[in-house]
Amino acid sequence: NTGEWYISCGSGRSVTYPVYIDGKSGFISDGGIISVSLAFICLHGDMGEDGNVQGALTCAHIPYIGQDTYASALTCDKAYTKIIAEYLKIPTAPFKIFISEDVKTAKETAEKYLGYPMFLKPARLGSSFGASPVMSSSDFEKAYLDAAEFDGRVLAEKLISFEYELECAFFEDKNKYFIPDGRILTDGDFYGYKEKYGESSPKTETNPKNDGAARLAASYSSSLAKLLGIKRLSRFDYFVTHDGA
């Protein structure tokens with residue numbers, strides 16, 4: 001996603017952008033405006049999920065499905081999301097946020113407060129880009145530089161042992177529904193980009209009914225949605241430890 005807007009034009013495409021002119025919303029095309037009644041955003045990652053597209057559509061008075069600019073910006077930022085989760089007393093792995101620190105300083109701080117193993121990732125990126133498990137001191141420098149390449153802020157987390165990842169779907173019409181039914185079975189391994197989008201994706205299964213972890217996930221998701229302003233469609237992800245917490 002380059003941040004540019006395109007619109008199909010016959011067999012090709014042309015650069016466009018959302019506008020609001022003389023009370024009419026839509027996209028610029030051939031000197032006019034193509035009217036748009038609703039945008040269904042199917043973009044992933046930076047520019048698509050971080051509030052940029054949402055802000056442009058908002059300024060053009062074009063309704064869209066999903067989160068608004070503020071919620072998109074907050075939830076795309078892992079550091080802010082973890083701070084909010086802590087405020088809500090939702091269990092989260094211990095973490096430190098590094099803002100343009102040199103490798104030596106970051107390493108000393110992370111070792112002091114977190115210890116090994118740990119996890120390093122860019123604060124504002126998804127799909128596991130720039131994210132790495134760090135099992136020992138010798139792994140830190142490369143992992144830190146890989147994460148810092150994508151963002152000026154690097155998030156370091158204590159690497160916790162877990163049984164599976166639990167996905168909680170959120171859907172809103174007149175009511176709000178939290179459906180914590182998706183288990184991703186990774187055996188505690190790193191669920192990286194290749195695993196998420198490659199042919200060797202981990203096994204998944206529907207979460208058992210009346211499962212304690214599922215009920216907790218639904219409760220946590222409800223609290224997060226309310227404070228963050230989540231609406232319409234979303235997904236919340238959790239690690240479930242071996243004791244079910």
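Strand β4 (residues 24-29) lines up with β3 in the antiparallel sense, and the two share 4 bridges. Strands here are DSSP runs of E with at least two residues, helices are runs of H or I with at least four, and both are numbered from the N terminus. Two strands pair if DSSP finds at least two bridges between them. One bridge puts isoleucine 21 together with lysine 24 of β4.

These strands belong to an open sheet of 3 strands, ordered β3-β4-β5 and paired antiparallel. The edges are β3 (18-21) and β5 (32-35); each has a single partner strand, so one of its sides has no neighbour in the sheet. On average, neighbouring strands in this sheet are turned by 55° against each other, ignoring direction. In general, strands of a sheet pair through backbone hydrogen bonds, either parallel or antiparallel.

## What you're looking at

This is a predicted model, where local features need pLDDT of at least 70 and side-chain atom pairs count only at pLDDT 80 or more, while totals for chains, interfaces and linings use all residues. Residues are numbered from 1 along each chain as its sequence is written, and side-chain values use heavy atoms, with hydrogens and water left out.

Overall, the protein has 7 helices and 15 strands. Take the contacts (heavy atoms within 4.5 Å) between residues at least 6 apart in sequence: 58% of them join residues at least 24 apart.

## Two helices crossing

Next up are helix α4 (residues 103-113) and helix α5 (residues 137-148), whose axes come within 10 Å and cross at roughly 125°. Axes are lines fitted to C-alpha atoms, for helices over the stretch in contact, and angles run from 0 to 180 degrees between N-to-C directions. That makes α4 oblique to α5, since angles under 35 degrees count as roughly parallel, over 145 as roughly antiparallel, 65 to 115 as roughly perpendicular and the rest as oblique.

On the α4 side, the contact involves Val103, Ala106, Lys107, Ala110 and Glu111; α5 brings Ser137, Phe140, Glu141, Tyr144 and Leu145.

## A buried serine

Serine 221 sits in helix α7 (residues 212-228). Its relative accessibility is 0%, so serine 221 counts as buried.

Its side chain joins that of tyrosine 238 in a polar contact of 2.7 Å. Such a contact is a pair of N or O atoms within 3.5 Å; within protein, one must be able to donate a hydrogen and the other to accept it, and residues adjacent in sequence count only if both atoms are side-chain atoms. Setting aside neighbours within four places in sequence, serine 221 is in contact with Cys168, Phe178, Phe236 and Tyr238.

Notes:
Buried means under 20% relative accessible area, exposed over 50%, partly exposed in between (1.4 Å probe, protein chains only).
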